[in-house]
Amino acid sequence: MAKVKVKRKSTFIDMTAMSDVTVLLLTFFMLTSTFIQKEPVTVSTPGSVSEIKIPETDILQILIDPQGKVFMGLDKQEDRVAVLEKVGEEYGIEFTPEEKNKFRLANSFGVPISQMKAFLALSEDEQDATLKDLGIPTDSTDNQFKSWVRNARLQNRDLRIAIKADQTTPYPKIKTIMTSLQDIRENRYNLITSLKSISTDEE
């Protein structure tokens, strides 16, 4: 008896549709995602059950590291340059167009105004290495922090202030920032925290 020859079926799978879906998903995530801004120091924020979302625009972020050093960030590049010019005028410092352009591209800053020109002359890698060791002065004899916040508010009336402090930062350091804000009549601000889950036993 003759053997029945089984016809081989093709194992080829057309992946064109899958590739199209992958490209569409990748494009979707690239367009809808928000990139994390580079910060001079890494802080671990305290936990909170608050779910209030801080707006992504018109934000003045105040960053306080565990040692109490203060850094600031403005989300709009035009505001950064305008505030730099105003603070420079207060302290008798004039910045060149090149220095203003470098400051425009800085997401965060935290340098005594007297050292700003030398800081802007550094390369980006050198700036990242030295920035974390500096910080904006907040002492009573030369509170440059007030000047930065006051001029930022004059530049953008819609600005919202957000304080992001490390959970190990001593309270007196944070109290100094809050007192400085009260001195210039900035009594409304947000505290950035991490969302903490609550177990059913705690409810």
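**Patch, salt bridges and sheet**

Q: Which residues make the nonpolar surface patch of about 400 Å²?
A: Patches here take residues with over 30% relative accessible area and no salt bridge, joining like charges within 9 Å and nonpolar side chains (Val, Leu, Ile, Met, Phe, Trp, Tyr) within 5 Å. The areas come from the Shrake-Rupley method with a 1.4 Å probe, and for residues only the protein chains shown count as cover. The residues that make this patch are Val 21, Leu 25, Phe 28 and Phe 29.

Q: What pLDDT do side-chain atom pairs need to count in this predicted model?
A: Residues are numbered from 1 along each chain as its sequence is written, and side-chain values use heavy atoms, with hydrogens and water left out. This is a predicted model, where totals for chains, interfaces and linings use all residues, local features need pLDDT of at least 70, and side-chain atom pairs count only at pLDDT 80 or more.

Q: Is Leu 25 buried, exposed or partly exposed?
A: Leu 25 is found in helix α1 (residues 16-32). Buried means under 20% relative accessible area and exposed over 50%, with partly exposed in between (1.4 Å probe, protein chains only). Leu 25 has 44% relative accessibility, so it counts as partly exposed.

Q: In what order do the elements of the protein run?
A: Helices (H or I, at least four residues) and strands (E, at least two) are DSSP runs, numbered from the N terminus. The protein has seven helices and six strands. Starting at the N terminus, the elements run α-β-β-β-α-α-α-α-α-β-α-β-β.

Q: What is the relative accessible area of Asp 183?
A: Asp 183 forms a salt bridge with Lys 146, their closest N and O atoms being 3.0 Å apart. Since Lys 146 lies in helix α6 (residues 144-155) and Asp 183 in helix α7 (residues 171-183), the pair ties together parts that are 37 residues apart in sequence. Lys 146 is partly exposed at 22%, while partly exposed Asp 183 has 48%.

Q: Which residue caps the N-terminal end of α6?
A: α6 has 12 residues and reaches 17 Å from first to last C-alpha, close to the expected 16 Å (1.5 Å times one less than its number of residues). Its buried residues include Phe 145, Trp 148 and Val 149. A side-chain oxygen lies 3.3 Å from the backbone nitrogen of Phe 145, and the capping residue it belongs to is Asn 143.

Q: Which are the edge strands of the four-stranded open sheet?
A: Two strands pair if DSSP finds at least two bridges between them. The strand order is β3-β2-β4-β5, with mixed pairing. Pairing on one side only, the edge strands are β3 (70-74) and β5 (190-191).

Q: Which residue of β4 stands opposite Ile 64?
A: Strand β2 (residues 59-64) runs parallel to β4 (residues 160-165), joined by six bridges, and antiparallel to β3, joined by five. In β3, Ile 64 stands opposite Val 70. In β4, the residue opposite Ile 64 is Ala 165.

Q: How many of the residues of β3 are buried?
A: In a regular strand, side chains alternate between the two faces of the sheet. On β3, Val 70, Met 72 and Leu 74 are buried on one side, and Phe 71 and Gly 73 on the other. The buried count for β3 is five of five.

Note on methods: Salt bridge = Lys/Arg side-chain N within 4 Å of Asp/Glu carboxyl O. Polar contact = N/O pair within 3.5 Å; in protein donor to acceptor, adjacent residues only side chain to side chain.
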